[in-house]
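Please read these notes with the model open beside you.

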Amino acid sequence: MDYKSSLIQDGNPMENLEKQLICPICLEMFTKPVVILPCQHNLCRKCANDIFQAANPFWTNRVGSVSMSGGRFRCPSCRHEVIMDRHGVYGLQRNLLVENIIDIYKQECSSRPLQKGSHPMCKEHEDEKINIYCLTCEMPTCSMCKVFGAHKACEVAPLQSVFQGQKTELSNCISMLVAGNDRVQTIITQLEDSCRVTKENSHQVKEELSQKFDVLYAILDEKKSELLQRITREQEEKLSFIEALIQQYREQLDKSTKLVETAIQSLDETGGAIFLLSAKQLIKSIVEASKGCQLGKTEQGFENMDYFTLDLDHIADALRAIDFGTGKGGGSAT
């Protein structure tokens, strides 16, 4: 707590010092003992115990019933989480420096004369202090207003008793609100954890899904390669057979072409004896060549490859029907 800088900024050091010594729970000056939280903020021990009990309703530390575990609450000034051991608030360190400053401040205040205007004065009766509280109108007022003024028909009570009651009520409201904030923070933490776990689980099932589909892709690629190889083998066998026939027919054509050329040359022979010496054999060769044209042929539709057609409609339907099972209890938001 930086008292020096605060005192420099304010023209009234004692008033500013008093502001620094106010407990954020009860809104009064710290009462002994003052405890210092791990975040370096201060609380009255009673106030710290009140918010600790509100945040940990099942924690007990009574005679004959000592809890063996601690609890936690959040600092009302900075929301830092304070974790307690089994001693609870009594395990916190006392801030002796603040307690000494409070003692010095009280001594200083008691030695100073009461300054004029330090107590609120009535606007209607300028010389009267506001010292009672109108319960009917719910506002502070003075004795003259009760006797002669606007509040003479109202029900009033001593200002100090209402003051203490209101401060107690406000302190309880603050403790309740702090405890409620702790519960809200707990819910937020749980929801944040739920977000993290949801992301982790989603990532995991995505990885598993990708692996399963990769297996399907591998099976399809393997089957595709196998079927393509079968088509290629069939193609090579048919092409080999056809090319062999082409070669045979070319050889036959070459022989026939040469035989025709020889026959034409024989027809040009003018000598009968010479012609007759080769004509008979030539005619026999032509007749045999004509019979040799009965070579193999391909059957009709030999080049057809339709028998490799696949009917994959039922497989495609099965793939389209792939979905997540609903029998394993997937959670849903409500």
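1. Basis. This is a predicted model, in which local features need pLDDT of at least 70 and side-chain atom pairs count only at pLDDT 80 or more, while totals for chains, interfaces and linings use all residues. Residues are numbered from 1 along each chain as its sequence is written, and side-chain values use heavy atoms, with hydrogens and water left out.

2. Three strands make an open sheet in the order 2-1-7, with antiparallel pairing. Its edge strands are strand 2 (42-44) and strand 7 (93-94), each of which pairs on one side only. Strands here are DSSP runs of E with at least two residues, and helices are runs of H or I with at least four, both numbered from the N terminus. Two strands pair if DSSP finds at least two bridges between them. Strand 1 (residues 34-36) and strand 7 are joined in the antiparallel sense over two bridges. Isoleucine 36 is placed opposite glutamine 93 of strand 7. As background, the strands of a sheet pair through backbone hydrogen bonds, either parallel or antiparallel.

3. A search of the whole structure finds four aromatic pairs. Rings of Phe, Tyr and Trp (its six-membered ring) pair if their centres lie within 6.5 Å; planes under 30 degrees apart count as stacked, over 60 as edge-to-face and the rest as tilted. One of the pairs is phenylalanine 52 with phenylalanine 73: the ring centres are 6.1 Å apart and the planes stand at 70 degrees, so this pair is edge-to-face. Phenylalanine 52 belongs to helix 3 (residues 45-55) and phenylalanine 73 to strand 5 (residues 72-74), so the contact ties together parts that are 21 residues apart in sequence. Phenylalanine 52 is buried, at a relative accessible area of 0%, and phenylalanine 73 is buried at 2%. Buried means under 20% relative accessible area, exposed over 50%, and partly exposed in between (1.4 Å probe, protein chains only).

4. A partly exposed aromatic pair. Phenylalanine 241 and phenylalanine 302 have ring centres 5.6 Å apart and planes at 45 degrees, so they are a tilted pair. Phenylalanine 241 sits in helix 6 and phenylalanine 302 in the loop between helix 7 and helix 8, so parts 61 residues apart in sequence are tied together. Phenylalanine 241 is partly exposed at 39% relative accessibility, and phenylalanine 302 is partly exposed at 21%. Lysine 238 lies over the face of phenylalanine 302, 5.2 Å from the ring centre. For such a contact, NZ of Lys or CZ of Arg must be within 6 Å of the ring centre and within 35 degrees of the ring normal.

5. The structure holds seven salt bridges, each being a side-chain nitrogen of Lys or Arg within 4 Å of a carboxyl oxygen of Asp or Glu. In one of them, aspartate 182 meets arginine 79, with the closest N and O atoms 3.3 Å apart. Aspartate 182 is in helix 6 and arginine 79 in the loop between strand 5 and strand 6 (81-83), so the bridge links parts of the chain 103 residues apart. Aspartate 182 is buried at 9% relative accessibility, whereas arginine 79 is partly exposed at 29%.

6. Salt bridges within helices. Glutamate 226 bridges to lysine 223, with the closest N and O atoms 3.4 Å apart. Both lie in helix 6, three residues apart, about one turn of the helix. Glutamate 226 is partly exposed at 36%, as is lysine 223 at 42%. In helix 8, arginine 320 and aspartate 317 are three residues apart, about one helical turn, and their side chains meet in a salt bridge (3.3 Å, N to O). Arginine 320 is exposed at 64% relative accessibility, while aspartate 317 is partly exposed at 47%.

7. The nonpolar patch. Val215, Leu216, Tyr217, Ile219, Leu310, Leu312, Ile315, Leu319 and Ile322 form a nonpolar patch on the surface, together with about 800 Å² of accessible area. Patch residues have over 30% relative accessible area and no salt bridge; like charges are joined within 9 Å, and nonpolar side chains (Val, Leu, Ile, Met, Phe, Trp, Tyr) within 5 Å. Areas come from the Shrake-Rupley method with a 1.4 Å probe, and for residues only the protein chains shown count as cover. Helix 6 (159-267) and helix 8 (313-320) each supply at least two of the patch residues, and helix 6 gives the largest share, four residues. Leucine 312 is in the loop between helix 7 (272-291) and helix 8, and is partly exposed at 43%.
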